[in-house]
Each structure stands twice: as structure tokens, then as C-alpha cells.
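Visitor: Please take me through one part of this model up close. I would like the rings first, then the packing.

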Amino acid sequence: MKVRLGIRAKILIPFLALSFISLGVISSLAFRTIYEISHLTKQNSISMGQEVTRQSITALEDLGRRLVQRRALNVANEMELFMRYHPDIDVSELKDNEELADIAVQRVGQTGYTMVYDKTGVVYFHNDPKMVGVNLRKIGGEPVYFLSIVERSFLGEASGYYEWEDAKGKVRTKYMHCIPVERTDLVVAAGTYIDEYSAPMEGLEAEIAATVLTTTQYIEEQVRKAQLIFIAIFGGMILIATTVIFLLSRAITRPILALTKGAEVIAKGELDYSIKADTGDEIQQLAEQFNNMARALKESYTSLEKKVEERTRQERQRAEQLRTINEVSRKISSVVNLDELLPYVGNLLRETFQYYNVNIFLTEPSSGKLVLKALCISGQKGVIPVGVPLDVDEESIVGWVAQTGEPILANDVSSDPRYRAVEALRDTRSELAVPVRIGNKVLGVLDIESTEVDAFGEADLFTAQTLARVLCHSVQAFLD
């Protein structure tokens, strides 16, 4: 029996066939594109997260090594200064000198400390009193690399890594840097677990991994939803016109192409790129998730850069403080006039760290009263010479420091009852005062003022106390 097809059927069948073929091709391309996008996004997200973590850990550990080296250098310089100004001290008396012990044993990182030993390996100063007097060459079971670093330090600066068991019994990598103390047979070693400096990355690494995992799961879920949608559309398109099919295919492929382009751009590291897919469906949600992921990664980068920048700023400030201390030490060795030395130290401090005012008070041997010897105010070069009888109230900040021999850090002078306002210095908001003393004898006070509240920190206190220790011996020599 011959089957006859009408015009309607002949038109309908080709269109239906075209609809099947078109939708089949579109569906195949769409599924493949979505799969490639999801696969590319997952791989790039994982790779990006791993690279961020690796570079961050490398940067933080490198910064940690520099901090350990700086700590060893600081202690070595301080010990060298101490030995220089105590030339009569006997080697046998070193271990019992508490002041030298405070210089020799300082914290490094979170758990590490500095130690001092001589070039035979005998420990002079250690945070563990049981280690004092022990020969490092004879410690049973010590790591080979540790002993290698110690032996190399006998000939000059030495550093390296070695494995060490921490307090919890876990074997971790330690970094140690050793510097010989000039003109002595002593060596300063600073060491700590190197992973302490990269510890902040553990939380960030977990956040990145969680973000990548969430994004990956969301992409897979959206791929499954897209598959169901395409199957439903595939059945519905049999009954709609070719024009609708064409428009629908464009509506589907356009946001997919935007996602593809967005994935490629984001994969290149351009995290400011935003995917625009105003479709109002799951594809838009997927695009928004891409944008959220890019913003999260950018915030992680920004946060890390700020942390590295802050660490770098602190390291530069520390270097500037050490430079100032060394410059003062060199100046002291060449200056024979106290009236020249004190203004120089005051102006150097004020200009280097942008302080508002730096004062230096000394105790007159005849009267026992404090007298202002140097006044260095920002924007001026006025200095009161030695001999002007400008007494200081004993209840003031400077007077209290001179009486007790203890430093004062008043970051808001308005709330400190000991502060005495001076009309010429009415802009003062913060004040830092440290004693210039030898033992229990106070020779004077180094007083620093700022026009900002909370202007001083531990680094400023360290600098002031160190300069005070450097000045005390020269002041004593001049007074004698």
C-alpha cells in the first residue's frame, strides 16, 4: 500500500527532523562546552590555589630566615658592644653575668631562642640552664646537619636546616644562623622552627581549598541541572517552530560562550574580570559563582600582599633602627665633647623616625638634680647648652623615670597624671622616656615626644633603650 504524505506532513517532517538534528548538535556542543568549562575551571582553580599557597609559603619562610639572621646579628652586635665597654671582664665570669645573659638569650619566632657558645662548642648562654657548660659536639644523638652548622660557625657566619623533635614529639625542620662575635671567641646562634613563619598560610590554604571545593561541587551540580534542562528542552522543541529553536539555541550558547571566555580570562590571572550572563537561570548563577570565586581569590591575594608588605615594613623599620644605633655608636667613638654628642643623638633620632621632640636630661653631679642638656624640636634647631639650670619636676614623667630607673611609654599623655604640659610643646600627644643608667645608677633620661596618639610601639622602646645603653658609658666617661 503506497503511503501518501500531504504538504503539511512534508513540511512538518523536515522541520521535525531539522529540529532533532539541530537540537542534537546544539545539545552535544553545549554538554561538551559545559564539561570543558567545568573541567578547565576546576583544574585552574586547583592550580591557582596551589600556586598561591606555594609562593606564599616560600615568601613567608624567606622572610622568616631573614628575621632569624637579623636576630643573630642584633645579639652579636649587642654582645660585641657589651664586651667593648667591659674590657676587664674575665671569661670565667661571663656565664654569671646577668646583664650579658639578657642580651645573649632572646626569643626567636614563637618557640626559638638565641644561644652563645665558644669556638670549642661549649655553651655559655642558653634558655635551658641545663645546657650551660655542655659541649655541643658531645650531645648524644644530635642531627648531623646541626653539628655541621655549629662546626662551620667556628670559621665564620654559618646557617642551615636540620630536623629536630618539638615538644609534642613531632619531627620538624629548624633553621639556624650563627654569627661570631667580633674580637671574641664567642658565637651567637639563632634558630627556630621555620614553619612558624608560614603558619598563617595554613588557614588561608584551607580557605582556598574550601572555596575551590565549593565551586567545583557547584559546577558539577549545575552541569547535571543543565543536562536535565536540555533533555526537557529537547522534548519540547519537537512541537515549536524552527525560529523559536534558533532563538533558544542563541540564548543558550551566548552565556556559555561568555562563561568560556570568562574561564579563560580568569585562568590567566585577571581576577578583576567579571562574567556577564543576564539569563536569569542556572547559567547566570554559574557566572555569578565564577565572579565570586574570582573575588575570593583576589581578596586572598590582597590579604597576603598586605601581610607581606607589613612584614617588609617592620623589617625595614628594624633595619633603620639598627642603622641609627650603629651610627650613634660610631659617633660616640669620635666625639670628645658631650655638648656635641647629645644634640647629635637627639637630632638623629628626631630626623630618622620623624619624632616631634627629643630631649636628653642628665643628672648634675653637684646638685643631684636633672637638667635639660639637649632640646631637639621638629622644625627648629634650638639646643639648650650644658649648664642652663632647667630643673624637672620629680612628679613628671621624666622625673619619675629618673627616680625609678624604669621606662615609661605613654601613648596618650592626656590620660597620664604624671604628664606636665609645656606651652612650647603643646602639640605633644605621646611621650616615651627611658633611663640612661649603669646598673642601678641613673645618669639621665632620654625623652621622646610625638604629636600623634599611640605613636610609639615596642620597636621604638627597643631603639630608645638600646641608644640609652650605648650613651650611658660615654656619659659616665664624660662626667668622670
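Visitor: Which residue lies over the face of Trp 400, and how far is it from the ring centre?

Guide: Arg 418 does, at 4.7 Å from the ring centre. A charge counts as over a ring if NZ of Lys or CZ of Arg is within 6 Å of the ring centre and within 35 degrees of the ring normal. Tyr 193 has Arg 172 over its face, at 4.1 Å from the ring centre.

This is a predicted model, where local features need pLDDT of at least 70, side-chain atom pairs need 80 or more, and totals for chains, interfaces and linings use all residues. Numbering runs from 1 along each chain as its sequence is written, and side-chain values use heavy atoms, without hydrogens or water.

Next, ring against ring. Phe, Tyr and Trp rings (six-membered ring for Trp) pair if their centres lie within 6.5 Å; planes under 30 degrees apart are stacked, over 60 edge-to-face, the rest tilted. That rule gives seven aromatic pairs. One of them, Phe 353 with Tyr 355, is tilted: 5.7 Å centre to centre, 35 degrees between planes. Phe 146, Tyr 162 and Trp 164 make up one aromatic cluster.
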